[in-house]
Amino acid sequence: MARVKIAVHAHKKRRKIMKLAKGYWGAKSKQYRAASEQVRRSLRYAYVGRKLRKRDFRRLWITRINAAARMNDMSYSTFINGLKKANITVNRKMLADMAVNDMAGFAELVGLAKKA
C-alpha cells in the first residue's frame, strides 16, 4: 500500500475550505468534499451577486426618480433629457436621494429641466 503524507499545505487548504463552509447545513459543513463543492459554488454566486447589485441599485434609483418626477408632472426620460440640456450633471444616486429626502430641491431641479 502506498504511503500517504498529508503535509502542512494540505491541512491548511482543507482548514481554509472548512472555515469558509462554517454555518452551512448538513454535510456541507462537516465533510471536505461536500464543503469544497459548496464553497466553490457560493463564491461563484457571490461574484455574480456583486455585479447584479450595481444593476439592481441603478434600477431602484431610476424608479424613485421616475416616481418623484411624475409627482411634478414630468416623466423620467424628459426629466433626464431636460437636465442634460440644462447642463446639470447629478448622478442618479444623488437624484434618488433628493427625491426621497429633499422634495423641494428636487422640484427646483424639475423646474430647471422644464425650462431647458
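A contact here means heavy atoms within 4.5 Å. By that count, among contacts in the chain between residues at least 6 apart in sequence, 45% join residues at least 24 apart. The legends below are for a predicted model.

View 1. Going along the sequence, you get α-α-α-α-α: five helices and zero strands. The C-alpha trace spans about 85 × 25 × 20 Å along its principal axes.

**View 2. What the solvent gets to touch.** The chain's accessible surface comes to about 9200 Å², and carbon and sulfur atoms own 56% of that. As for the inside, buried residues account for 22% of the 116 in the chain.

**View 3. Helix 2 from end to end.** Helix 2 takes in residues 32-71, 40 residues in total. First C-alpha to last, it reaches 56 Å, close to the 58 Å expected at 1.5 Å a residue. There is a bend, though: about 25° at Lys51. After the helix comes Asp73, with a positive phi near 60°.

**View 4. The buried residues of helix 2 and their cover.** Zoom in on Ala35, Ser36, Gln38 and Val39, then on Ile65, Ala68 and Ala69: these residues of helix 2 are buried. An α-helix has 3.6 residues a turn, so residues three or four places apart point the same way. What covers the buried residues of helix 2 includes helix 1 (8-20) and helix 3 (76-85), along with helix 4 (92-101) and helix 5 (103-115).

Note on methods. Residues numbered from 1 in each chain as written. Predicted model: local features only at pLDDT ≥ 70, side-chain atom pairs only at ≥ 80, totals over all residues. Heavy atoms only, no water. Helix = DSSP H or I, 4+ residues; strand = E, 2+ residues; numbered from the N terminus. Expected span 1.5 Å × (residues − 1). Bend = angle between axes of the 7 residues up to and from the residue. Buried < 20%, exposed > 50% of the residue type's maximum accessible area, 1.4 Å probe, protein only. Areas by Shrake-Rupley, 256 points an atom, 1.4 Å probe, with all protein chains shown as cover.
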